[in-house]
Amino acid sequence: MAERRLKHWGWGYEDQAPTATQLREAAEGIRARFGFGGEVEKPVPLEEVELRASRLKRPSGLGKAYRDVVRGFYGRFENPPDLVAFPRDESEIEAVLSWAEAEGAAVIPFGGGTSVVGGVEPRVGERPVVSLDLRRLDRVLEVDPASLAARIQAGATGPGLEDQLREHGLTLRHFPQSFEYATLGGWIATRAGGHFATLETHIDDLVESVRAITPRGTWESRRLPGSGAGPSPDRMLVGSEGILGVIAEAWVRVRPRPRFKVSAGVTFKDFDEAAEAVRAIAQSGLHPANCRLLDAAEAELTGAGDGSANLLILGFESADHPVDHWMDLALAPAREHGGSTGEVRTSGGGDDAVGAWRGAFLLAPYLRDTFVACGVLSETFETAITWDRFEEFHATVMETTRRAVAAASGVPADGPGAPRVSCRLTHVYPDGAAPYFTVLAPAIRGGEVEQWDEIKAAVSEALIDAGGTITHHHAVGRDHRPWYDRQRPAPFAAALRAAKAELDPAGMLNPGVLLDP
């Protein structure tokens, strides 16, 4: 069988792309629904893409964000790497780092390439760049059934590691939207958020120890369930985005695969009242696996509603015991805050609102490619804020975003054809929530990147000025750097620079991410 080829500009494989007829039908549906979306354009074929010549010679001894999608669609790859290395083990990682340092090249660790914040794009000026693709390090090396932990190589994708864990009746249960292509090392490097809406919401919570290869030696923490021995070596690597070392493998906490599942949808007329219900559930100690609130516009966009009501999606699961009672307890505060409950499903799926949302969630990255072809700007951004500031924060960001998108798109902020801005809560905590905003607007053909930049800057300013974080689970990369620099304490930034100087004195590991080159 011929090897499937990934799309060179968008999400997924080439054979998953919609046909020309399907795109035309999609464009008609988009115009009818949103009031904008132009004629369908075709992406520049891979065979017609021209790249600059490599600035490196292959050594003899060595074996995606909205802007990325748009530029790839038009065949614009301004910052290709000069060389791609595919190490098969740690010794080859060490060899690449040693050779690259001698050549004065930068090295960017690469997993699934799903970064939406410019985390793996070689925007490093004239310095030659090596892309260090780790996907050949993709095995589950060891399973500890007594401790419920597994040692997994960093290049293992979500489906790959789950298939291997399934043989042991176990699962990592970390399902970000990029699950199909992203890797364990990428999740750790970016502090990725996954499936659970409460408790273990980030990969941080699942990491037991990490092993990384740095230019100055191997960094491996002691495997322990917990420790009070100073600052955590693991916490320093989690979220480091490849600037301190190349994550090679990690021990992670796994669990038996769930046998009992239950889900329910609850509708609310008022979004703020629905948020209060979510707060009550988050502070109840019930810890639902899913507790996602979609505003009316978001529910309509995903096909989970008709736009007349806000939708709360609740879910519980367990490998040990039935969870119907926990659902009953969680539905009580939802009803107290005006929620109307639909059918409770023990399967957690079906053709109801919950099933519709789940399908739309998994298809969203593919749909974005269709939007690009049909002349629609589609983007998302996420943040987090404490409950005491949530209502004002949400209102401010929604209004700022709506006006910024309209101004950048050259259309009215209200009325037919106006941009669409919606919100959902993806993760909730006893002390706050993570609002996730979706933007749809008519794209300026040929100027989508500049349009996106203008919107991104305005929205990011609003998030920081209102007291939120510049990112909850999408990492910093290069796109969030200006606002990340304002969010972090200055002494911490100095300490991070000192750590990088010690581990990477040549400054070659992913320069420009988190710190200046």
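**Local packing in a predicted model**

The model examined here is predicted. G38 sits in the loop that links helix 1 (20-34) and helix 2 (66-73). Its contacts beyond four places in sequence are A27, R31, C374, G375 and R445. E28 is 10 residues away from G38 in sequence. The C-alpha atoms of G38 and E28 are 9.0 Å apart in space.

The loop that holds G38 ends at helix 2. Eight of the eight residues of helix 2 are buried, so this helix is largely enclosed by the rest of the structure. The buried residues are Y66, R67, D68, V69, V70, R71, G72 and F73. G75 follows helix 2 and has a positive phi, near 75°.

Two packed helices are described by the angle between their axes and the distance between the axes. Helix 2 packs with helix 12 (residues 448-465) at an angle of about 170°. The two axes are 9 Å apart. An angle over 145 degrees counts as roughly antiparallel, and helix 2 and helix 12 are therefore roughly antiparallel to each other. On the helix 2 side, the contact is made by Y66, R67, V70 and R71. On the helix 12 side, E448, V449, W452 and D453 take part. By class, the residues of this contact divide into four nonpolar, no polar and four charged.

The crossing is right-handed. Helix 7 contributes F271, D272, A275, V278 and R279 to the contact. These residues meet W387, F390, E391 and H394 in helix 11. The contact of helix 7 with helix 11 has five nonpolar, one polar and three charged residues.

Strands of a sheet pair through backbone hydrogen bonds, either parallel or antiparallel. In this model, an open sheet of three strands has the order 1-3-2, and the pairing is parallel. Strand 1 (83-85) and strand 2 (106-110) stand at the edges. Each edge strand has a single partner strand, so one side of each is left without a neighbour in the sheet. Neighbouring strands are turned by 25° against each other on average, direction ignored. Strand 2 and strand 3 (residues 129-133) pair in the parallel sense over five bridges. I108 stands opposite S131 in strand 3. Helix 3 (residues 90-103) lies across strand 1, strand 2 and strand 3. Relative to strand 3, helix 3 runs at about 175°.

A further site is K500, placed in helix 14 (residues 490-503). K500 has a relative accessible area of 9%. The limit for the buried class is under 20%, and K500 is therefore buried. Leaving aside neighbours within four places in sequence, K500 is in contact with I243, L244, P505, G507, L509 and L515.

Technical notes. Residues numbered from 1 in each chain as written. Predicted model: local features only at pLDDT ≥ 70, side-chain atom pairs only at ≥ 80, totals over all residues. Heavy atoms only, no water. Helix = DSSP H or I, 4+ residues; strand = E, 2+ residues; numbered from the N terminus. Buried < 20%, exposed > 50% of the residue type's maximum accessible area, 1.4 Å probe, protein only. Contact = heavy atoms within 4.5 Å. Left-handed = near helix turned anticlockwise from the far one by under 90°. Nonpolar A, V, L, I, M, F, W, Y, C, P; charged D, E, K, R; others polar. Pairing = 2+ DSSP bridges. Axes fitted to C-alpha atoms, helices over the stretch in contact; angles between N-to-C directions. Parallel < 35°, antiparallel > 145°, perpendicular 65-115°, else oblique.
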